[in-house]
Amino acid sequence: MLHSGAPRSSGTRVVAVLLAGGIGSRVGHSTPKQLLKVAGKPIMMHTLEVFAASPRIDEVLIMMNPGVIAELDFLREHNLPIPVRVLPGGATRNETTQLALAAIEGDETKVLFHDAVRPFVDHRIIDECIDALDRFDAVDTAIPSADTIVEIDVDGCIAAMPTRGVLRRGQTPQAFRTEVLKSAYEVANLDPDFAATDDCGVVFNYLPDVKIHVVEGTPENMKITDPIDLHIADKLFQLQSATLSHSVDDLPCFVGKNIVVFGGAYGIGQSIVELARAAGATVHSFSRSETGTDVTSRKAVRSALASVRECGQQIDHVVVTAGVLNISDLNDAPRKHINGTVKTNLIAPAIIAKEVHADLRASGGSLVLFTSSSYTRGRAGYSMYSATKAGVVNLTQALAEEWEDDGVRVNSINPQRTDTPMRKAAFGMEPPHSLLTPEAVAAVSLRTMASEITGQTVSVRI
């Protein structure tokens, strides 16, 4: 049993139950699927963080496969804002639900049951499920079916084709007034033929007078069950961006922190240097024009870092803003432009990451890289730039996973069009209102450093 934080509400309690009884056989792994790592952390941790971040949730119960419950010891290292309890689940979904109900105090509690391997549930769904329990005793989450659904007979032939407009595909959360779900199971347990695949089915079959409201889910709220789901989830995490305020007001305090910026002479890098210093940090800025530092040279990077260490200062955060943008079709691109793009935009972040790992492990710090919106798809004229920026996102995710046990966080910043010298050189003058300011991007970068997120692509939008 784990305890973090304190209950949030003084009214009707809301408890989220994460159902984590899977064993991973269908996804082809010996590790339980809820513990498989995607985007730097176990799938279940992503799901837990969504519920823990909701101001509407007072407590989370994790109903875990008893055989691997010890695998959740890593949760003790996370400072979650609300109480979290880990309990052994039952042999079936229905047994697990009843064990969870027995562990929840008070019949007036609102309870949300959610698959631990649905990490893309959003706060809108959670809020609507909780609010619906003010008017209904049971709530399901579902989405319209994009496919025609057919019913077959024992011979495998179509027996019926229900109207697609009234059909929905079930998801979770499923939410209930606790006393209602308990009553449904009391009746169900008297039935020797009792069988149900989910909790709404129990209420539907054994308390037929209870209306079950349906909240609309999202296609992204998928359940990771089969091998293809892992690949889809990985891509969704890659495309899913965290968003932080880009206001330059009320920035985190960095007094006593030491920040190294590669590419700090101009543009976004310069703004990061200035804002970080204004926030109290000691900042060491390196660039080719300012200090003669070539970020593609391991020797130059080592020399820069050695100068920081010689000051007797630990390194808390490292930022890599250095980059190049050469626009041309690949067939027309000079070899030096191709090589320069790959070396500066992708190899340099890898070199720097390797050189600063020990420092960041010692300080429990973070590495911040820079990508661009071009990472989502290759574009004509940007082929190598897009490819390297996609590589930065993959590097971010991989390092976040590799360095998780070392306590080092790795994130990438994804700014939209920004008013920088590099952009002006490539595109000329553009309407100022269509561009982000470097200060806005810098503010998000500092908030990312101060946060606990890792493995994320953080978007800065106009």
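Ala, Val, Leu, Ile, Met, Phe, Trp, Tyr, Cys and Pro count as nonpolar, Asp, Glu, Lys and Arg as charged, and the others, Gly among them, as polar. The model is predicted, so local features need pLDDT of at least 70 and side-chain atom pairs pLDDT 80 or more, while totals for chains, interfaces and linings use all residues. Residues are numbered from 1 along each chain as its sequence is written, and side-chain values use heavy atoms, leaving out hydrogens and water.

**Exercise 1.** Describe the lining of the largest cavity by class.

*Solution.* Start with the term: on a 1 Å grid over the protein atoms alone, a cavity is a set of points where a 1.4 Å probe fits but cannot get out, and lining residues have an atom within 4 Å of a point. Next, the size: the largest cavity holds about 100 Å³ of space, a volume being the space filled by probe spheres set on grid points joined across faces, edges and corners. Of its 13 lining residues, Asn 326, Ser 328, Ala 333, Thr 341 and Met 384 are the closest to the centre. Finally, sort the lining: six residues are nonpolar, six polar and one charged.

**Exercise 2.** Now try the second largest cavity: which residues line it?

*Solution.* Its volume is about 40 Å³. Look for Val 320, Thr 321, Ala 322, Asn 345, Pro 349, Phe 370, Lys 389 and Val 392. By class, five are nonpolar, two polar and one charged. α10 and α11 each give at least two residues to this lining; such helices are DSSP runs (H or I, at least four residues), numbered from the N terminus.

Definitions and conventions:
On a 1 Å grid over the protein atoms alone, a cavity is a set of points where a 1.4 Å probe fits but cannot get out, and a pocket is an open set with protein on both sides within 12 Å along at least five of seven lines; lining residues have an atom within 4 Å of a point.
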